[in-house]
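Please open the structure in your viewer and keep the selection tool at hand. This tour moves from one selection to the next.

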Amino acid sequence: MKKKTKYMMSGGLAFSEKSDMKKLSKKSLQGWHLKKFSFMGYGLEKGEPSEVIYTIDYHLVEENDKEEYFELFEMAGWEHVCSEYNMHIFKAPKETEPIYTDKITTIEKYNRLRKPLQKWAISITLLLLVFIMLTTLTTGIVKEISVIGLYIMIVLFVPSIMTFIAAFTRQLKSTRRGEL
């Protein structure tokens with residue numbers, strides 16, 4: 001019996017958005033279509049091969065605005081595939097006009113990605129500093145617990161800062177050159 005679902009790892013949308021979307025298109029040519037976001041990747045489902053392109057939009061959409069939001073993309077030829085928090089992936093036939101074709105909308109897209117990452121990175125940084133202070137200023141059980149918290153914050157700090165910097169860099173590049 002052949003598998004009907006498959007997992008595809010993501011390179012990290014802040015780092016390899018275009019690459020991920022191209023890989024998803026190649027998988028669709030092989031009959032593996034995006035079904036959902038999965039932990040650090042995507043869930044694919046077996047179907048008929050088709051030539052489609054994928055794109056992602058970063059937009060925090062209120063529940064009562066989702067229908068209108070998805071209809072807007074649908075009118076431009078894009079079909080909603082899946083969403084996770086503020087990330088929405090759409091697919092369309094290969095010859096469909098891209099969603100982001102100008103500098104201003106591209107900058108806005110990456111600004112919407114960067115804002116929540118910035119809040120997360122600042123929060124993790126502040127917590128890291130708190131645990132550094134606690135480990136240096138306390139003793140006994142409080143110090144032991146602080147050391148564990150410090151290690152956890154270091155593990156969270158590195159990827160959160162890297163992701164924020166990648167998103168910020170993408171926004172900066174699109175601002176300076178009008179391209180990514």
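The stops below concern charged side chains.

This is a predicted model, in which local features need pLDDT of at least 70 and side-chain atom pairs count only at pLDDT 80 or more, while totals for chains, interfaces and linings use all residues. Residues are numbered from 1 along each chain as its sequence is written, and side-chain values use heavy atoms, with hydrogens and water left out.

**First stop.** Select Lys 18, Lys 22, Lys 23 and Lys 26, which form a positive surface patch. Such a patch joins like charges within 9 Å, using residues with over 30% relative accessible area and no salt bridge. Lys 26 is exposed, at 55% relative accessible area; exposed means over 50%, buried under 20%, and partly exposed in between (1.4 Å probe, protein chains only).

**Second stop.** How many salt bridges are there? The count is two, where a salt bridge is a side-chain nitrogen of Lys or Arg within 4 Å of a carboxyl oxygen of Asp or Glu. Select Glu 51 and Lys 94, whose side chains form one at 3.3 Å, N to O. This pair links distant parts of the chain, 43 residues apart: Glu 51 is in the loop between β3 (41-46) and β4 (52-58), and Lys 94 is in the loop between β6 (87-93) and α3 (103-137). Glu 51 is partly exposed, at 47%.

**Third stop.** Select Glu 63 and Lys 66, a salt bridge with its closest N and O atoms 3.4 Å apart. Glu 63 is exposed, at 62% relative accessibility, whereas Lys 66 is partly exposed, at 26%.

Methods
Patches are made of residues with over 30% relative accessible area and no salt bridge: like charges are joined within 9 Å, nonpolar side chains (Val, Leu, Ile, Met, Phe, Trp, Tyr) within 5 Å. Accessible areas come from the Shrake-Rupley method with a 1.4 Å probe; for residues, only the protein chains shown count as cover. Lys and Arg count as positive and Asp and Glu as negative; His and the chain ends are not counted. The place of a charge is taken as NZ of Lys, CZ of Arg, CG of Asp or CD of Glu. Helices (H or I, at least four residues) and strands (E, at least two) are DSSP runs, numbered from the N terminus.
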